[in-house]
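Subject: Handover of a structure for your review

Dear colleague,

Please find below the structure that I am passing to you.

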Amino acid sequence: MFRFFLVTGIGLAVINGWIAWWLWRALTGTGWLRVAGCLLTLALGVAFPLLYKGHGITLAHTWLLRAGAFWMGMAFYVFALAVLADIWCLGARVFTGAFPATPRWGMVLLVLGLPLLASAAGWCNAAFPTLRHYDITVRTRGPVPPAYAAKPLTLGVITDMHMGRLITAGRLARAMEMLAPRRPDAIFYVGDMIDDHLQLDAEATAAALALAQPRLGHWAVPGNHEYIAGSIDASLNFLRGLGMHVLRDQWAVVDESFVLAGRDDLSVPRYTGTPRKSLNDILADLPQKYRDLPLVVLDHQPTALEEARQAGAGLELSGHTHYGQLWPFNLVVEKRYENPLGLLTMGNFHSIVSAGTGTWGPPLRNTSRPEVLLVTVRFTAGSAAADQPQP
């Protein structure tokens, strides 16, 4: 994590330094406007890195953090256009007459204006999640659970909300309002519900959860940001205080119909010094009478799909990727994960990865819509074991 923040910090320093230098050259002769533009760039550039791990909760702190987060997303595109503008101008100098001259103010408006418009559109996109529906069929080792012989199991899924100073409980309420009319049997929260503890509103969050009343309850697993936010115990106790059943490398038999295995986040060794349990270790003490029930796995990061498939899982639900959140980071995510987004089916195993309901850092999205998932699971009798790789 230190390496991540170091690389990110160096990258932000280069990006904002280049933008300030470009503005200083582009605004020659504009007096105080030139100075103000460069100082504003540098101030916004350091706002998010300095305040994100700080403890200020005043209105000024919060809005400066939000402004810095918005600028962090916009600055990448400003930087890219500024570099292209410099290449254009260099070409104009080297090949006189080969490139038409562009008025200075036109160039400034282009470099700043296009990213501003794109970022405003990304902010609107990020603020309004969509309801995405998946319908899958899972073959059982034993008989179909009686509760779901005549009707499917319906699951609501919310991930990567990142509630704190940047995203409030109002976003969660919007998500619950989308799920409530669908009457899901259970709602799963697959990590990164919490981004920081400074402005978490337990009362407002509980009121948001109360908008939907799943008969099998609310279930959660930790993500990496439950650790980054501070004490993992404080994060999980907050979720438990809302009435969520938290699984941390644990299993539960739900409705006497399926086994739910909730994995601790992949980053647990980094924060606790202890290894994450394997899925087989988690299920080692599962009584024999439950071993033929369908297995559903909650794992924040979709990095252990084959492990879940080998263990006989019919469904794994994950988040974490945000599908990059901002272009071109989705291209990195596609290289990093076997399933970066959506449904991947391998035999009787189904991996569903959500793009997330909230955002981290920049409150912007342009690679995907934020989403709340509704997963319909139909059980059918068959040999689930036949789909498992042979030793």
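In helix 6 (residues 202–209) of this predicted model, Thr205, Ala208 and Leu209 are buried, where buried means under 20% relative accessible area, exposed over 50% and partly exposed in between, with a 1.4 Å probe and protein chains only. These residues lie on the same side of helix 6, because they cover an arc of only 100 degrees around the axis; the arc is that of the directions from the helix axis to the C-beta atoms. In general, an α-helix has 3.6 residues a turn, so residues three or four places apart point the same way. The buried residues of helix 6 pack against helix 5 (169–179), strand 3 (186–190), strand 4 (218–221) and helix 8 (232–241); a contact means heavy atoms within 4.5 Å.

Some conventions apply throughout. Residues are numbered from 1 along each chain as its sequence is written, and side-chain values use heavy atoms, with hydrogens and water left out. As this is a predicted model, local features need pLDDT of at least 70 and side-chain atom pairs count only at pLDDT 80 or more, while totals for chains, interfaces and linings use all residues.

The protein chain contains twelve helices and twelve strands; helices (H or I, at least four residues) and strands (E, at least two) are DSSP runs, numbered from the N terminus. Of its 391 residues, 52% are buried. Among contacts between residues at least 6 apart in sequence, 76% join residues at least 24 apart. The C-alpha atoms fill a box of roughly 80 × 45 × 45 Å, taken along the principal axes.

Strand 12 (residues 371–381) is largely enclosed by the rest of the structure, because eight of its eleven residues are buried. Strand 1 (residues 130–140) runs parallel to strand 12 and is joined to it by eleven bridges; two strands pair if DSSP finds at least two bridges between them. Tyr134 stands opposite Val375 in strand 12. Strand 2 (residues 153–158) pairs with strand 12 in the antiparallel sense, over five bridges, and Thr154 has Thr376 of strand 12 as its bridge partner.

At the surface, I would draw your attention to one residue in particular. Leu39 is located in helix 2 (residues 32–52) and counts as exposed because its relative accessibility is 55%.

Yours sincerely,
A colleague
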